[in-house]
Amino acid sequence: MMNTQISDLNDEFGIEGAVEFAEGPNGLAIANITSNSGKASIALNGGTVLSFAPNGEEDVLWVSSESAFEEGKAIRGGIPVCWPWFGSHPTDASKPSHGFARYSAWRVAYTDALDDGTVAIRLEMAVSDEMNTLFPYPFSLYLDVCVGKTLMVNLITRNTGTETFQITDALHSYFSIGDISQVTVSGLESTQYLDKLEKFRQKGQDGLISFNKEVDRVYIDTKSDCIIDDAAKKRKIRISKTGSSSTVVWNPWIETAAAMGNLGDNEYLEFLCVETTNAGTDIIEIKPGDRHVLSAVTGLE
Ligand code: TA6
């Protein structure tokens, strides 16, 4: 990313004291957002929210120290956008896992410092020819982020064509935790889940979720808030959502983490993904002219 582009972004969309564009690792363009009650940063590469912290608090999100920060590559951490499919493509395994939004270029559509002291930014994914071969429908995809004491992220899919299409998607959020073995997740008690580690066999959740091995689950038929209770950091993260009837919970644990690219061997201890999704049986159909909004609000209790 050339400095001129950063200065162009600042000229057009910068707001003194609220929105500033800067070069991040490897020259990636980053939007730094400062509200009256919290801060966030967002990489235009992938439309990836990288950090969010209410004033006086440590970062709620987590990014791997081994993440690639390269144009055209997904960032390991923050909130990658999985779209227009979550996980493997439903019929063609050769298509990129988790779709193409998380490694594509996004541009800024607008920024706004609101009267209540929060700050909003809208990104729009730039559509390329490669996308048309992977997903042959006309669409617009926006990411609205509003930063205050909480972080609101809305992923908006608009069908701009003449045929109905289907999507699955996710705000694949990586939360920063002190020690995965001392974490519980509430909000999914008595919910059914599809266990990816057992060919998506359906099982029932009994009580709180805790972690002493790899967990990779799509919780289905749930619109509930989740709370990550982090005993080591002595804090609770609440994730509320709309436009989503499924929640993915993932931690790779030791062996999977060691085998993964872009992730340090011991970093599985430091993060937990609780993902606001349309995944598994939660498939969204969007008619011509209609839109779907997947929304998550994250804050500390
Ligand atoms: O959301 C859980 C998951 O789909 C896991 O199965 C795991 O593979 C993870 O996402 C990371 O996927 P990635 O393609 O980023 O390596």
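In this predicted model, a polar side-chain atom of Arg76 lies 2.9 Å from an oxygen atom of the ligand. Local features require pLDDT of at least 70, side-chain atom pairs count only at pLDDT 80 or more, and totals for chains, interfaces and linings use all residues. Residues are numbered from 1 along each chain as its sequence is written, and side-chain values use heavy atoms, with hydrogens and water left out.

**Ligand site**

| Side chain | Ligand atom | Distance |
|---|---|---|
| Arg76 | oxygen | 2.9 Å |
| His172 | oxygen | 3.0 Å |
| Glu275 | oxygen | 2.8 Å |

Taken alone, the ligand exposes 390 Å², of which the protein buries 84%. These accessible areas come from the Shrake-Rupley method with a 1.4 Å probe; for residues, only the protein chains shown count as cover. The residues surrounding the ligand include Arg76, Phe86, His98, Arg102, His172, Lys196, Asp216, Trp250 and Glu275, where a residue is near a molecule or strand if one of its heavy atoms lies within 4 Å of it.

His98, one of the surrounding residues, is found in the loop between β5 and β6. Helices (H or I, at least four residues) and strands (E, at least two) are DSSP runs, numbered from the N terminus. His98 has a positive phi of about 65 degrees although it is not a glycine. With a relative accessible area of 11%, His98 is buried; buried means under 20% relative accessible area, exposed over 50%, and partly exposed in between (1.4 Å probe, protein chains only). The loop between β5 and β6 also holds Pro84, and the peptide bond from Trp83 to Pro84 is cis, with omega near 5 degrees.

**Aromatic pairs**

Rings of Phe, Tyr and Trp (its six-membered ring) pair if their centres lie within 6.5 Å; planes under 30 degrees apart count as stacked, over 60 as edge-to-face and the rest as tilted. By this rule the count comes to 15 aromatic pairs. Trp62 and Phe271 form a stacked pair, at 4.6 Å centre to centre and 25 degrees between the planes. Trp62 lies in the loop between β4 (48-54) and β5 (81-82) and Phe271 in strand β21 (residues 271-278), so the pair ties together parts that are 209 residues apart in sequence. Trp62 counts as buried at 6% relative accessibility, as does Phe271 at 0%.

Trp253 and Tyr268 form a tilted pair, with 5.2 Å between centres and 55 degrees between the planes. Since Trp253 lies in helix α3 (residues 253-259) and Tyr268 in the loop between α3 and β21, this pair ties together parts that are 15 residues apart in sequence. Both Trp253 and Tyr268 are buried. Ring pairs also link Trp83, Trp85, Phe100, Phe135, Tyr137, Phe139 and Phe165 into a cluster. In a further ring contact, the charged end of Arg122 sits over the ring of Tyr142, 4.3 Å from its centre; the criterion is NZ of Lys or CZ of Arg within 6 Å of the ring centre and within 35 degrees of the ring normal.

**Sheet organisation**

An open sheet is formed by 9 strands in the order β6-β7-β8-β9-β23-β19-β18-β13-β16, with antiparallel pairing. Two strands pair if DSSP finds at least two bridges between them. The edge strands are β6 (106-113) and β16 (209-210), each pairing on one side only. β6 is joined to the antiparallel strand β7 (residues 119-125) by 7 bridges, and Ala113 stands opposite Val119 in β7.

Within strand β18 (residues 226-230), 4 of the 5 residues are buried, so this strand is largely enclosed by the rest of the structure. Strand β13 (residues 183-186) pairs with β18 in the antiparallel sense over 4 bridges, and Val185 stands opposite Ile228 in β18. β18 is joined to the antiparallel strand β19 (residues 235-242) by 5 bridges; the bridge partner of Ile227 in β19 is Arg238. The hairpin of β18 and β19 has 4 residues between the strands, and in it Lys234 takes a positive phi near 55 degrees.

**Loop between β1 and β2**

Pro25 lies in the loop between β1 and β2 (29-34) and is partly exposed, with a relative accessible area of 40%. Asn26, found in the loop between β1 and β2, counts as exposed at 64% relative accessibility.

Conventions. Polar contact = N/O pair within 3.5 Å; in protein donor to acceptor, adjacent residues only side chain to side chain.
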